[in-house]
Amino acid sequence: MKLIDTIRLEFSPLIQDIIYLDSGASALTPNVVLDAMNTYYREYRSNIHRGLYDFSERATTEYENARETIAQFIGANRPEEVIFTRGTTDGINMLAELLQDRFEKGQNIIIPVTEHHSNMLPWREFARRQGLEIRYIGLKGGILDELALLAAIDEKTALVVIGHISNVLGTIHDAKKISDKAHKVGALCIVDGAQAVAHIPISVSDLGIDAYAFSGHKLYGPTGIGVLWVNYTLLQNLKPHRTGGDMVEYVTLDTMEYAPIPQRFEAGTPPIAEVIGLARAIQWTQDIGWEFIQNHEQELIQYMWQQIVSRPWIELLGGEKSIPRIGCFAFTIKGIHTHDISYLLAKQSICVRAGQHCASGITEKLGIAGSIRVTFGIYNTVEEIDILMRELDSIYHKFQ
Ligand code: PMP
């Protein structure tokens, strides 16, 4: 059996004869991940960091081992830099709270218009509260104008936020270059890795950034779990944003002392099964290996390009073929509403996303209402692209 067939067998929803082309919204979950979570619930379900009995010790060990797996996966220097969150949105909002009162009125924050709302709205609110000027960076040639971004960073820049990969255009941004420039003026560089972690190997240390947020559910893990990685030096200077159980070393009626990093940033009972599930998802993809994952995705990307180019009525967003990108294709078809397209595709069990994809800065700048977005996961095949294209042909001709 070919590796892709073995992979597909891990994903039960695929048995239902659907064509799932919406992994950018949320990837399917392999059975091994469900099994790992099930084992926790069936065999050692208990809280962590508390009980001295075997179950709780096992749960604590699995939870902390998961932190190490994730730290290694993203190239963190130490596991303590990994903080568990509910997802990217939660992580970025958390960071916006943790960074309060560090900057002065009149400083600025750089936000590309390509950002997902999760990496835009928390910073807009942050800027309003802290009196920072917002500098939006626009598009050039249909993609983020990275040169304009670099040029906008100046002595008054406090923060530069950047999506590692655009969730609409699929384009990969040069987070290292941006971070290097930000650091030259003493600014922080915060990266939204939601669309990157399942597609390209990451090393937060090599990128030299200050913080990186991502969600488990886009990485073949469960929902409700995410990671906020923060550079240890910065982390040491941050005051916990939430208080409660498990984040304190000791408490008297008058005093309290924080637990060590990272526990002080994880108040309350965390999503234990989900943490274990996310680590299992990462191990599973790593067993398959980046070589297969990336080669397979490139094959799909090249095939998709050929199909799109041979249909001039498909208007692709996101610039030229030579621009580094992942398997994420957003497009419009003149004269046909994106919701009509996605509805007709859904009737053929083809799952894609339609609309603004929570990144309305792009649609606003391009002057379009929205787009259809096709995103690939590890389980997709060229045969599925053929079926998608056949249906798009049929929709296009129906509307002529
Ligand atoms: N940023 C990007 C680039 C995304 O694609 C998404 C998910 N669509 C998010 C942030 C938000 O992720 P979550 O909903 O898991 O918090």
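Started with Thr 88: one of its backbone N or O atoms sits 3.4 Å from a ligand oxygen, which I log as a polar contact (a pair of N or O atoms within 3.5 Å). This is a predicted model, so I kept to its limits: local features need pLDDT of at least 70, side-chain atom pairs count only at pLDDT 80 or more, and totals for chains, interfaces and linings use all residues. Residues are numbered from 1 along each chain as its sequence is written, and side-chain values use heavy atoms, with hydrogens and water left out.

Next, side chains. A polar side-chain atom of His 116 is 3.1 Å from a ligand nitrogen, and one of Lys 218 is 2.8 Å from a ligand nitrogen. I then checked cover: the protein takes up 86% of the 400 Å² of accessible area the ligand has on its own (Shrake-Rupley, 1.4 Å probe).

Then I listed what surrounds the ligand (a heavy atom within 4 Å); among the residues are Thr 89, Ser 118, Asn 167, Asp 192 and Ala 194. The shell splits into one nonpolar, eight polar and two charged residues.

Moved on to helix α14, residues 382-398 (a DSSP run of H or I, at least four residues). Its 17 residues reach 24 Å from first C-alpha to last, close to the 24 Å expected at 1.5 Å a residue (1.5 Å times one less than the number of residues).

Which residues of α14 are buried? I got Glu 384, Ile 385, Leu 388, Met 389, Leu 392, Ile 395 and Tyr 396 (under 20% relative accessible area, 1.4 Å probe, protein chains only). The face turned away carries exposed Arg 390, His 397 and Lys 398 (over 50%).

Technical notes. Polar contact = N/O pair within 3.5 Å; in protein donor to acceptor, adjacent residues only side chain to side chain. Nonpolar A, V, L, I, M, F, W, Y, C, P; charged D, E, K, R; others polar. Helix = DSSP H or I, 4+ residues; strand = E, 2+ residues; numbered from the N terminus.
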